[in-house]
Amino acid sequence: MVLKILAMKKTIALGFILHFLSIVVVLGQNALTLEDIFQNGTYDQKRFGPIRWMKDAEGYSSIERNSQLVGDDIVRYEAKNGNRTILVGANELIPAGANKPLTVADYQWSEDNSKLLIFTNTQKVWRYHTRGDYWVLDLQSKQLNQVGKGLKTSSLMFAKFSPDASRVAYVSENNIYVEDLQSFTITQITHDGSEEIINGTFDWVYEEELNCRDGFRWSSDGEHIAYWRSDTKGVGTFYLINNIDSIYSQPIPMPYPKVGEMLSSVKIGVVSSKGGDTRWFDFPGDPRNNYLARMDFIPHSQEVMVQQVNRPQNRNTVWIGNIHSMEISTILVDEDEAFLDIHDNILWLENEKFFTWTSERDGWMHLYKVSRDGKTMDLITEGDFDVERISHIDPQTGYVYYIASPENFTQRYLYRSPLMQRGKAERITPLDQPGQHAYQLSPNSGYAIHTFQNTVTPPKISLISLPKHESIRVLEANEILYNKYHALGLTHKEFIKIDIGDAVLDAWMLKPKAFDPSKRYPLLFYVYGEPAGSTVQDAWMGGDLWHHYMAELGYVVVSIDNRGTKTPRGREWRKSIYGQIGILASQDQKLATEQLLKTYNFLDAERIGIWGWSGGGQMTLNALFRYPELYKAGLALAFVSDQRLYDATYQERYMGLLEDNPRGYHDGSPINFAQNLEGKLMIIHGTADDNVHYQSFEMLVDRLIKYDKQFEMMSYPMRAHGINERENTSLHLRKTMERFWLNNSPPGGK
């Protein structure tokens with residue numbers, strides 16, 4: 001019997017080797033390799049910019065490498081003819097006593113263009129590089145000076161000029177400072193900053209889930225500063241553990257409010273830019289159960305506009321606050337039976353009598369014009385379609401430019417609508433460029449930096465004139481990458497529709513190059529499924545080379561956008577998932593899988609696998625545990641196993657409060673169905689994941705052990721949510737993933 005089993009294993013192994021060799025022969029010298037994709041940078045795309053349109057709208061500035069000085073120049077290009085001028089040369093950015101120029105990570109001009117603020121020597125704070133050093137260059141005197149001298153090295157955040165460019169304000173170690181640019185005298189504006197008190201910036205959850213980082217604003221006259229103050233005392237502390245950089249473990253504490261737990265107490269105050277006591281706005285409600293999600297000065301006024309969102313995130317109250325009397329008044333309340341998203345499309349119009357506002361109140365995402373007193377609210381963009389994002393609001397030409405795709409939810413195009421009168425949406429993007437388009441418009445809407453891409457075209461960046469969308473010149477074509485990609489002879493993604501009865505879902509399918517429709521192939525699903533994103537898009541996505549690699553091994557790869565994913569299909573589509581994350585999505589995925597099996601005879605029902613990352617990891621587990629008769633193998637990365645373990649702001653937005661929806665939290669959490677596991681499972685997590693904690697991984701492991709379920713697991717020490725830090729991580733991860741699929745869902749047609 002033993003000899004018979006060994007013989008069978010040898011036969012299977014030999015069959016796989018022959019299948020793999022056949023693939024190599026077909027691909028020849030242009031075969032995809034994991035080393036080329038994840039280690040060698042063979043298919044890296046060239047990027048352009050970032051660019052800044054100049055105030056005259058006739059040119060733009062960018063950072064370019066100065067090879068002679070091994071530094072950065074800031075240059076200007078004329079839009080019309082492409083003439084190049086060096087605005088600030090690398091030689092001007094050499095500090096006194098230094099032998100090389102500063103490396104420019106970011107820069108900003110003063111309002112009068114007399115000074116330049118340089119951000120350099122940056123450090124990562126959670127996901128983004130927001131801490132470092134700042135230098136000011138006086139363009140007339142050519143004097144280059146570092147600001148924040150005497151404070152902790154590389155501790156400055158969010159430095160910005162006062163309106164008259166005489167001073168710079170910044171945050172250091174959770175306090176706000178103002179520095180005079182003539183005397184370089186530093187005035188400390190707040191004094192209670194600490195590990196628990198945060199002034200002028202935010203805690204982890206505000207940054208991650210509300211996109212809040214820069215936490216203070218200059219008044220238009222430069223006399224005051226309005227800022228956020230967060231008290232994290234009482235917020236539960238989660239500890240990441242570093243076990244590899246010292247002989248003793250090092251705990252890394254982070255205040256992290258989990259579902260149902262205490263939030264930071266956040267308030268907004270106003271202080272003189274010369275220093276003194278802060279006066280605080282008194283917004284109603286418990287500050288630990290409301291979010292102050294946005295705040296900014298209304299132009300040419302002594303008032304701020306503040307958006308206060310309740311804890312369930314289904315009501316956004318917009319306040320106007322007077323910085324002298326500290327009186328507040330409500331001008332708008334936006335509500336939804338499910339949840340609301342925060343938008344940053346506010347522009348004040350007609351001498352600040354009106355402002356623009358984004359809402360789904362008519363069932364579609366649209367831009368509105370609201371009076372300052374909130375009494376009138378008129379639709380600007382109009383039609384049965386979603387405004388996917390605003391590109392530019394231009395009161396001078398009287399148009400708002402925006403991205404939409406009424407006919408194809410996988411694509412994106414530029415449209416415009418009149419600001420001052422009702423009018424139909426006008427498509428600007430030509431009809432002969434199917435795919436996804438993005439635009440960075442000049443201030444007068446006469447030009448735009450245009451980025452075009454689709455699944456077989458890496459980003460092509462051009463300068464165009466508007467509104468006729470005429471090409472002026474190509475700025476970055478990514479031709480080398482385009483040619484490398486197409487030389488591989490890969491099959492293309494086929495976009496398909498899947499009717500599951502209650503909805504028609506968008507999906508794409510990849511087939512092996514040597515595909516034979518008379519054979520049956522293993523089906524490998526890639527899933528996300530949550531409201532924060534979408535996987536079925538006609539976009540480059542780095543070429544999606546991992547899935548092409550798997551297809552070349554002999555898998556049919558499919559991805560499906562279930563209901564609730566972030567696509568421009570209207571409010572009803574997006575809000576359908578409310579209160580049932582993990583429940584509706586896994587049902588939709590299951591029904592779509594069954595429909596695919598009925599439709600395509602070349603799919604092998606005995607070799608169905610599913611994988612996903614983050615929310616997709618959670619969906620993978622839900623599919624495997626809920627429908628074990630259908631899904632035979634699953635690979636889940638950086639997943640949430642119990643929704644109560646994730647941060648309150650994200651999870652409560654889409655699930656409601658825990659006390660209002662305990663059944664939903666239970667039924668949406670895959671850990672509660674681990675006992676149903678029948679297929680092959682591998683779980684992977686980074687131990688330093690500050691977003692989805694390693695705790696989620698360990699709790700699932702414990703539950704699977706309890707039910708005597710066999711599975712594979714891999715931990716990546718001190719890697720975060722993207723599992724890409726430290727040497728060789730990305731390649732090792734993909735080899736680990738490949739080995740799991742080869743061992744548990746053998747590739748190739750049968």
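Reader: What does the UniProt annotation "domain: Dipeptidylpeptidase IV N-terminal" cover?

Author: The unreviewed entry places it on residues 110–459. UniProt positions follow the numbering used here, and annotations may be inferred rather than shown by experiment. This is a predicted model: local features need pLDDT of at least 70, side-chain atom pairs count only at pLDDT 80 or more, and totals for chains, interfaces and linings use all residues. Residues are numbered from 1 along each chain as its sequence is written, and side-chain values use heavy atoms, without hydrogens and water.

Reader: How much of residues 110–459 is helix, and how much is strand?

Author: The chain there is 2% helix and 48% strand. Both are DSSP runs: helices are H or I with at least four residues, strands E with at least two.

Reader: What makes β22 and β23 a pair?

Author: Two strands pair if DSSP finds at least two bridges between them. Strand β22 (residues 315–322) and β23 have seven bridges, in the antiparallel sense. So they qualify as a pair. Trp-319 stands opposite Thr-330 in β23.

Reader: Why do β20 and β23 stand at the edges?

Author: The open sheet runs β20-β21-β22-β23, with antiparallel pairing. β20 (290–297) and β23 (328–335) each have a single partner strand, so one side of each is left without a neighbour in the sheet.

Reader: Why is the pair of Phe-385 and Tyr-415 called stacked?

Author: Rings of Phe, Tyr and Trp (its six-membered ring) pair if their centres lie within 6.5 Å; planes under 30 degrees apart count as stacked, over 60 as edge-to-face and the rest as tilted. Phe-385 and Tyr-415 are 6.5 Å apart, centre to centre, with 25° between the planes. That angle is under 30 degrees, so the pair is stacked.

Reader: How do you know that Phe-385 is buried or exposed?

Author: Buried means under 20% relative accessible area, exposed over 50%, partly exposed in between (1.4 Å probe, protein chains only). Phe-385 has 8%, so it is buried. Tyr-415 has 7% and is buried.

Reader: What makes Phe-525 and Tyr-631 edge-to-face?

Author: The angle between their planes is 70°, and the centres are 6.2 Å apart. That angle is over 60, so the pair is edge-to-face. The pair ties together parts that are 106 residues apart in sequence. Phe-525 is buried at 1%, and Tyr-631 is buried at 0%.

Reader: How do you know that the charged end of Arg-427 sits over the ring of Tyr-413?

Author: The rule asks for NZ of Lys or CZ of Arg within 6 Å of the ring centre and within 35 degrees of the ring normal. Arg-427 is 3.8 Å from the centre of the Tyr-413 ring. Lys-267 sits over the ring of Trp-280, 4.2 Å from its centre.
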